[in-house]
Amino acid sequence: MNNTISEGLLYRLSEFVAAQIGLHFPEQRLSDLERGIRSSLQEFGFKDTESCIKWLLSYPLTKNQIEILASHLTVGETYFFRDNKSFEILADHILPELIQRCKSAEKSLRIWSAGCATGEEPYSIAVLLKKLIYDPGDWNITILATDINPRFLQKASEGIYSEWSFRDTPRWVKEGYFRKTKQGRFEISPSIKKLVKFSYLNLIDDTYPSLTNNTNAMDVIFCRNVLMYFDQERQRKVIQNLYRCLADGGQLIVSPSETSHVLFSEFRMVNLNGVIFYKKEREKARTSEDLTHKDIPYHLASENATYFLQPPIEYIAGQKSDVPPPQAPGEAPPLETGMQTTELQLTPYEEALKLYKQGCYEEATDKIRFLLSNNKIGYKAVALLARVYANRGKLSEALEWCEKAIVEDKMNPTCHYLLATIQQEKGHIEEAVKSLRRALYLDQKFVLAHFALGHLTRQQGNFKEAKKHFENALSLLTAYRQEDVLPESDGITAGRLIEIIQTIMQGENVNERKVG
């Protein structure tokens, strides 16, 4: 460690980084923290480390400065088929069993590389699937790759690598799935590249599982060499969320140094030839006995509230609502005159909603079906059931109940938005676009629909129309304060969504300049 930097200053910086980015640098890793700051000096415009640290601690950082800091404090050092033993188990056991099981269902396969760095891991997974599935085009395959570092994601999306990314990699990988460029680098095959979708996700701050960022109903999650960046409290939170992101029988793969009986106690540990991974068994039955009215966000506890599905895309917008804003943490919702200020009993629908939000999908399904069998609740229960089935990966059932919701209320734009979400999840992009256009016909100020349609038309290569919808969403978002949490957006603020849209549009401008 550089003796000119006091430990006290580094401790302060460590606390600052944890608060700003969620990265944890305990005493034994302070040297890594200092090394990362030293590598950022040129970008921040400083010549010595101490001055740079004091500046960081003295001024609020912009989004761009936070991204610069994250890019130097997270390690993007990886290569294709890193830890060959894990990929051998994936190729010989996990994927073949999963593929065989899915053949008799909807031929849907969902894998998430959480903390994908520069993309070598998710592309390695895609290569394996290409080898194991004769015609991936017959399948609805999702390989989601997320990271906190935008620079890593940009490099990953380009899919061009140096010789260094192939160290300890089987020779057939480079020979069969890459082409050599004029600059002597290696570009991944388009057939592999199109299987992977890259997007930004902060495992500490963002909400998951969620249809808003496509993190629901995963069959396999890779989260290797990521947990080491978090303190134990944050590790527990991340692991709990990853557990809920998995479908029943889904499997979580971490690095050998991150295994723990305590942290992964909800999983069943599996050891195959010395490779340890964690399996999610069937959800344990849980009840809503201890649930109270104060656990439900105020705008969802309303008897007339509607709750609808979010699109499974990289990012999500929100829609302006007339419902009262949520109360401050720990503050009870306002009570009507004459009501006693005692804890209120949840209605059966609120219990089902709470179970859903806890990830107790099977119990939520049973309770909603009971309500429907007694004809007690109409559209909102039907819509919630469609969302529950989608989160469980049961897309045919989700589609069936969504169509029933439309029968209940044909003129409700959220019904068609819900349908578009499920259609997109099933890979029916054209149908999803049509449903989103119906939603906008019914409500031209539907921010979520504008954003989702911008995403889908962009995916179809219609960049002009995508730009129009993104600009419409940005215009509608000016009605919100930056810190406002957007209704139905799983916690995304207006300011965060504006940043997301601007980042997407800036990326398109960069690509246009490259083409030009």
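Analyst: Three strands make up an open sheet in which they follow the order β3-β5-β4 and pair in the antiparallel sense, where two strands count as paired if DSSP finds at least two bridges between them. The edges are taken by β3 (160-161) and β4 (178-180), each of which has a single partner strand, so one side of each is left without a neighbour in the sheet. Between β4 and strand β5 (residues 186-188) there are 3 bridges, and these two strands run antiparallel; Lys-180 stands opposite Phe-186 in β5.

Before going further, please note that this is a predicted model, in which local features need pLDDT of at least 70 and side-chain atom pairs count only at pLDDT 80 or more, while totals for chains, interfaces and linings use all residues. Residues are numbered from 1 along each chain as its sequence is written, and side-chain values use heavy atoms, with hydrogens and water left out.

The protein has 21 helices and 10 strands, which are DSSP runs numbered from the N terminus (H or I with at least four residues for helices, E with at least two for strands). Another open sheet is formed by 7 strands in the order β6-β2-β1-β7-β8-β10-β9, with mixed pairing. Its edge strands, β6 (196-200) and β9 (268-272), each pair on one side only. Averaged over this sheet and ignoring direction, neighbouring strands are turned by 25° against each other.

Within that sheet, β1 (residues 108-114) runs parallel to strand β2 (residues 140-147), to which 7 bridges join it, and Ile-111 stands opposite Ile-143 in β2. In a regular strand the side chains alternate between the two faces of the sheet. In β1, Ser-108, Arg-110, Trp-112 and Ala-114 point one way and Leu-109, Ile-111 and Ser-113 the other way. Since 7 of the 7 residues of β1 are buried, this strand is largely enclosed by the rest of the structure; buried means under 20% relative accessible area, exposed over 50%, and partly exposed in between, for a 1.4 Å probe and protein chains only. For the protein as a whole, 54% of the 516 residues count as buried. At the other end of the strand order, β9 and strand β10 (residues 275-279) pair in the antiparallel sense over 5 bridges, and Met-269 has Tyr-278 in β10 as its bridge partner.

Turning to the helices, the axes of α18 (residues 429-442) and α19 (residues 447-459) come within 10 Å and cross at roughly 150°, where axes are lines fitted to C-alpha atoms, for helices over the stretch in contact, and angles run from 0 to 180 degrees between N-to-C directions. The two helices α18 and α19 are therefore roughly antiparallel to each other, since angles over 145 degrees count as roughly antiparallel, under 35 as roughly parallel, 65 to 115 as roughly perpendicular and the rest as oblique. Where they meet, with contact meaning heavy atoms within 4.5 Å, the residues of α18 include Leu-436 and Leu-440, and those of α19 include Leu-453 and Leu-456.

The axes of α19 and α20 (residues 463-477) come within 8 Å and cross at roughly 160°, which makes α19 roughly antiparallel to α20. Among the residues that make this contact are Phe-451 and His-455 of α19 and Phe-470 and Leu-477 of α20.
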